[in-house]
Amino acid sequence: MALARQRLLTLAFLDMETVRMLPNSFAELEAVARDWTKPPPDVPFTLRIPVEFASIHAARLVAGPYIYLTGEDSYQIALMGVQGLRVEIVSDAPPPPEEPPAPPPPPVLDMPATFNLELTPGQNVALDVNINSDELDMARMEDGTLVDGMFWGKLDIVHAGDDHRMEFTGTRLPDNDDYKGGFRVDSRVMTKLAVAAKPVTAKCHLSILTPSVQYCDVILQFSALWQPGVTWPPAEKVEDNKVKYFLRAHPGGALEHFETEMVTTALYYEAVPDPGMVDPNEYIAPRNGFAMSFRDFIPHLMNVLDQLGLSLHARTNFLNNNMSAFSQHKNIAYRFLSQSKIASAIDIAVTTDPCIFTRLFLIFRGLTDDEVGAFAGAGEKEANVVNWREVVDWQEDSKDPTLFRVLETSVLEVTQLYRPVSRTYSTISRTEADALNQWISSPREITLSDAFHLERLSDLYITLPTRDGSRQPYLPPKETSPLGYAHHIAFFHSRTPEAELREDGTDADFSPPVPFTRRMWAGGKMVWDPELPLMIGQRASATWGIDSVEKKGFDDPQKSPMVFVNQRIDITMDGNSRPSLSEERSHVYISESPSNSNNQKKGAREERLVHGPLTATMLLETAIFHNPGVQIKSFEYRARNPILVNRESTIHGVWNGNTSIKLWCIDEDGVVGMTGSVQLL
């Protein structure tokens, strides 16, 4: 039996195309085209076929380059004898909307691990452990890079008194090599490790172009976040982070270095940034950089350097000096810094006046094919129309041979290597420790009464994007209806005078004593009784108490002391004997020392934080919005990272079986802010 060959339709609109099955009729074709572009009703809409794609019979019937389809007859004539068809859409409609991206997979916050260890030759042990993360997804980095593969490195296991810990530091081995179990690493792998462990370093070349012989000092001043590395010829140290050269510059570009009696055409120095500030995603992102394949990057960079006034010799040297680093990557993202930003990191002073500076500082990083997609709209096409002279503050005088000129070209490759995090720890005094222990041994309990008023619920509704009328018709709260899940958070507030509140605006009812004054909402759990719903318009009482208090980091000088306070809240409708809702809330209190306070002010966040209970409520609201009528048994959530005001956040969810929903909130950088799990009845 012969199989019929499928015929395909290519629909083209502006610079976009889509491939579909070829419709049998003109009406079906028009329906497919309109469904793709979705033009407004009053916008002109025409379909045409380039004659080179139509049948020879149809092409003979027209004199122009197109066959305009006006009905079934013209469509069937154009179809005769062709295996596929290209139809162009002529319309004033806007481009078809892009398909929404698929939600990211749920974050991996815990996973099993097995370590097969050889203690001595012939003595082996296997450690089965469970690894969990209090912060980020362990399966992916913030930019979506998958954390998997085989790693080689160093595993430290410590058992000393009460100190029990395990730490691994290593680097991923290439995917294309075949490594067997129990392999031994040779010197080639150790070389790779040495290269991978080298800190991120900017490599800088400084040339001087002078119209006549000039004696001069060249002084390099590094900011506190940068350190000088290798210099050649060796520079003279003036003070910390400050070095200088004493030179005689010649018109041909030669530089005589008096201390070493060497002659060179350029000074070489390295600048090492503080590891804590080297975040590849912050250094180069679609908002400030561009990305393209390695093959496109090299000729593109050559053209950019030409636009910036570099000679053919200088352009060639720049590329040749860095070709080895560029060629390690299939795709490259890059940006150039302005001269003001360069000067804030590494300032150059020359004892010749006037002096024209041209400083080109290229930052780049390698990208996987998946990462390139994040740079849609920031590729080679967009980079080619950038005014690079304006970006780097280029001056016309930099081409004037009668002036004393300094040309510096620098390259910094940023990578996804491990970054140490510096912390300032605080200690507490014996008096403060005694006060804390006294507070823990004296638990308290309070009961608050409130009514689920319509007015306050209406205020809550217009705060929630799932209920404010922007996504569906606004439905006001109604008396005697069940209270929405988690909406009790808007009630039962302590009436504490402002003068008695803590500095962060919270009340001290269940807060430990000073210095534990920095509070973070860590998570919680809510369990509802389906037989006793909370009712709008009726009164209820909430009984608050402390279930447990846990101290962490008190015996380790390398850790900041923290107090975990787990509250219990039972909400009972008036007249009932058992609670309708039982809630657990977990708060973390961090000790605040004067040094921490100063650091906090210096490194203050650029924005306020989104209220933890609001994010938790929105997780629940999202599940209910997409699944109207669901009955919830319990909801458990956990804060993972701060969520900032005025930054876009997205809530995702996925079914986990028939009676459970996993939820998580991520910000515009892909950082998981909160996770949650809903159990249904």
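Analyst: Ile157 stands opposite Met166, a residue of β9. In this predicted model, the pairing to which they belong joins strand β8 (residues 151–160) and strand β9 (residues 163–172), which run antiparallel over ten bridges. The two strands form a hairpin, with two residues between them. Gly161, in the turn, has a positive phi of about 65°.

A positive phi also occurs in residues other than glycine. Asn241 has such a value, about 65°, although it is not a glycine. Asn241 is placed in the loop between β13 and β14 (242–249). With a relative accessible area of 14%, Asn241 lies under the 20% limit and therefore counts as buried. Asn646 likewise is not a glycine and has a positive phi, near 70°. The loop that holds Asn646 runs between β28 and β29 (649–655). Asn646 counts as exposed because its relative accessibility of 66% is over 50%.

Two further loops contain cis peptide bonds. One joins Trp232 and Pro233, with omega of about -5°; Pro233 lies in the loop between β12 (226–232) and β13 (236–239). The other leads from Asp353 to Pro354, with omega near 0°, and Pro354 is found in the loop between β20 (346–350) and β21 (356–367).

Ala540 has Met573 of β26 as its bridge partner.

Another strand residue, Ser634, belongs to β28 (residues 632–639). Its relative accessible area of 12% is under 20%, so Ser634 is classed as buried. Setting aside neighbours within four places in sequence, Ser634 is in contact with Met526, Val527 and Trp528, and also with Ser677, Val678 and Gln679.

Met80 lies in a loop, between α3 (72–79) and β5 (84–91). Met80 counts as partly exposed because its relative accessibility, 40%, falls between the limits of 20% and 50%. Beyond its neighbours within four places in sequence, Met80 is in contact with Ser55 and His57. The C-alpha atoms of Met80 and Ala54 are 8.1 Å apart, although 26 residues separate these two along the chain.

The second largest pocket holds about 900 Å³ of space. Of the 36 residues that line this pocket, those closest to its centre are Arg467, Pro482, Leu483, Gly484 and Tyr485. Helix α15 (residues 612–626) gives the most to the lining, namely three residues. By class, the lining comprises 23 nonpolar, nine polar and four charged residues.

For the chain as a whole, there are 15 helices and 31 strands, and 38% of the 681 residues count as buried. Among contacts between residues at least 6 apart in sequence, 69% join residues at least 24 apart. The chain exposes about 38,600 Å², of which carbon and sulfur atoms supply 52%.

Methods
Residues numbered from 1 in each chain as written. Predicted model: local features only at pLDDT ≥ 70, side-chain atom pairs only at ≥ 80, totals over all residues. Heavy atoms only, no water. 1 Å grid on protein atoms, 1.4 Å probe; cavity = no way out; pocket = protein on both sides within 12 Å on 5 of 7 lines; lining within 4 Å. Points joined across faces, edges and corners; volume = space filled by probe spheres on them. Helix = DSSP H or I, 4+ residues; strand = E, 2+ residues; numbered from the N terminus. Nonpolar A, V, L, I, M, F, W, Y, C, P; charged D, E, K, R; others polar. Buried < 20%, exposed > 50% of the residue type's maximum accessible area, 1.4 Å probe, protein only. Contact = heavy atoms within 4.5 Å. Areas by Shrake-Rupley, 256 points an atom, 1.4 Å probe, with all protein chains shown as cover. Pairing = 2+ DSSP bridges.
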